[in-house]
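Hi everyone, thanks for making time.

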Amino acid sequence: MHHSAAPHSNALNRLNRLPISRFHKVTLLAVSFAYFFEFADINTFATTAPKLIHLWGVTIDQIAYVTSLSFVGMFIGSVVAGAIADRWGRKRALLLTTLWFGAFSFASVFSWDIVSLGVFRVLTSAGLAAMTVVAVIYVNEMYPAAVRGKFQAYAIVIGIVGTPATNLVASGVVPLSDWSWRLIYLWGALGVLLVLFTKRLKESPRWYESRGQYAEADEVLQEIEAAVAAEKGPLPEPLPPVQEAPATRAPLRLLLQKKYLFPTLLLTVVWVTQTIGFFGYSSWAPTLLAKEGFSVEKSVFYVALTTVGAPLGSYLASLVTDRFERKWCLAAFGTVIALCGLLYGLTFNPVLIIVFGFLVNLFERGYTALGYAYSPELFDTRSRSLGTGISYGLGRLSNAAGPLIVAAIYQSSGYRSVFYFIAGTWLVGAIVLAVFGRRTRQSRVVVQQEQHEAVGTP
């Protein structure tokens, strides 16, 4: 083949011209599988906590500490992830981070007290956040530019089913006996089965290029092209390569420049309010309901039913995300979450708990998917991974305080006050976005038009 001699492998254009084929679907399946167990694992501690209150005499404060430290773990994981993905490659980093969280979830099966379980949870959480960051980068680099966002959303829609799945498994398994709660962590550990996909996954050719390894990039591209051509027929010629300046790692002080400082601060507020607001619900709902006199079985089951809203929320976001200004979608969703959250906290009727909990989950997931799409748009290429990583990481870090605040509010002024606090957090995020958020739709439409003209599609 003539272009293998060229010093540039032209990965971006060669990937952009590919029709969606089996290769893309297998990659989507693998990433969704990793996401599924990531979303499964994020909630395992919340679903076993009510049981551990009975069994080990664990206090609300101890649950708050474990949950808090898990977020410190997530912060470290999301900061380290970028470095791992740059150093060892996207595919290897995806496998490594998934094996890491699976291994420590498996270790949690054998924990003997709240301290050992806490340590294993913090290590699991670091792996979960790292895997998320790597998966976002990987999908971003493997799919044609025109459908990238859509496939990112698909992976999350499929993956997020892990949350209700875990909650339903938990509501069946936790009550069985005094040790059966341990099986929930075994379930979370099944993510390690991602290794079964190892042979089918390709390393990102764009990562090879960023390292100057053009021959390796070309080799992977030829394998992908051969597979796609065998299925879809001859491929069109790619656009000629553009000499891209190699992406250097942006220094932290870059974000202090005025044009980067503002979006970084804005997104930090968005992710801080989203994280405290969302995990205020998902980490606490089973425990608080159990404390308010619902049985452990019932409270875990009610919460399980509400999380069925999650996949629908991501789907809802994929419908509105490119149609309207994202900042207004985010502000509207945030306001709805605050209202439904208040109603959730003020009712003790099981049907209404499930309805409002369902709506919170639905709009929250929509909000998160919109946030994932909005964040990178506020930065240019040079500052994108740094700005997104730092603001997302700070959001996770801020929630080290979230559970401690919730526990304190619950103990000083009761169940309802917790929900006033959470609703207030969501409203702050919505107001900040409405007042200060930048519109991104115009620039997006222009980019899409340029892509269409470049690719030659109508």
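So, what covers the buried residues of helix H9? Before I get to that, a word on the model: it is predicted, local features need pLDDT of at least 70, side-chain atom pairs count only at pLDDT 80 or more, and totals for chains, interfaces and linings use all residues. Residues are numbered from 1 along each chain as its sequence is written, and side-chain values use heavy atoms, with hydrogens and water left out.

Okay, H9. That's residues 182-189, and helices here are DSSP runs of H or I, at least four residues, numbered from the N terminus. Its buried residues are Ile 184, Tyr 185, Trp 187, Gly 188 and Ala 189; buried means under 20% relative accessible area, exposed over 50%, partly exposed in between, with a 1.4 Å probe and protein chains only. Their cover includes helices H2 (22-42), H3 (44-55), H5, H6 (114-142) and H8 (162-173), where contact means heavy atoms within 4.5 Å.

H5 spans residues 90-108 and holds Leu 99. Is Leu 99 buried or partly exposed? Partly exposed, because its relative accessibility is 36%.

Now zoom out. The protein chain has 21 helices and 0 strands. Buried residues make up 54% of its 458 residues. Among contacts with a separation of 6 or more, 85% come from residues 24 or more positions apart. And the C-alpha atoms fill a box of roughly 70 × 50 × 40 Å along the principal axes.

How values were computed: Helix = DSSP H or I, 4+ residues; strand = E, 2+ residues; numbered from the N terminus.
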